[in-house]
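Try each task before you read its solution.

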Amino acid sequence: MKKCALLFLLLIPSVVVADTGYDMEMQMLDAQIESLTRERDKKYTDLKQCEKTTKGFKIAGITTLVATGFGIYGNIKLAQKLKNNGAASYISSVAVVDTRPQEEKDEESCELGCMTEPEKFRELCNC
């Protein structure tokens, strides 16, 4: 019986020391878990803010693609119209008419002629 009591008394300090070390490890692990949880929450908040910003960019990109699609559709329809009606009739219907007086037209032709062929236009335009 004395041997059992002595063995029991010898084991009590080691159990207390082991229990204290275990508590220290648990406290350190709890601190690490808390630190990692705070870091995760901060990164999650940053991610949410980034998603809000990129959502605007996505909307702008989709809008650009839609507008481009309408432009392509318009070009295809115009090409079909030109093919069906003939390009010459379309061009003649949208031809630009020069409404300037004849004097201005003559002056411009003299200026261009004097720059390109001065010998021909020297007498006519006084170059």
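The chain has an accessible surface of about 11800 Å², and carbon and sulfur atoms account for 65% of that (areas come from the Shrake-Rupley method with a 1.4 Å probe, and for residues only the protein chains shown count as cover). This is a predicted model, where local features need pLDDT of at least 70, side-chain atom pairs count only at pLDDT 80 or more, and totals for chains, interfaces and linings use all residues. Residues are numbered from 1 along each chain as its sequence is written, and side-chain values use heavy atoms, leaving out hydrogens and water.

**Exercise 1.** Find how many helices and strands the chain has.

*Solution.* Step one: look for DSSP runs, with at least four residues (H or I) for a helix and at least two (E) for a strand, numbered from the N terminus. Step two: count them, which gives four helices and zero strands. Step three: read from the N terminus, and you get α-α-α-α.

**Exercise 2.** Work out whether M26 is buried, partly exposed or exposed.

*Solution.* First, locate M26 in helix α1, residues 2-85. Next, recall the cut-offs: buried is under 20% relative accessible area, exposed is over 50%, and partly exposed is in between (1.4 Å probe, protein chains only). M26 has 33% relative accessibility, so M26 is partly exposed.

**Exercise 3.** Now place D106 and classify it too.

*Solution.* Start with the helix: D106 sits in α3, residues 102-116. Then check the area: D106 has a relative accessible area of 39%, so D106 is partly exposed.
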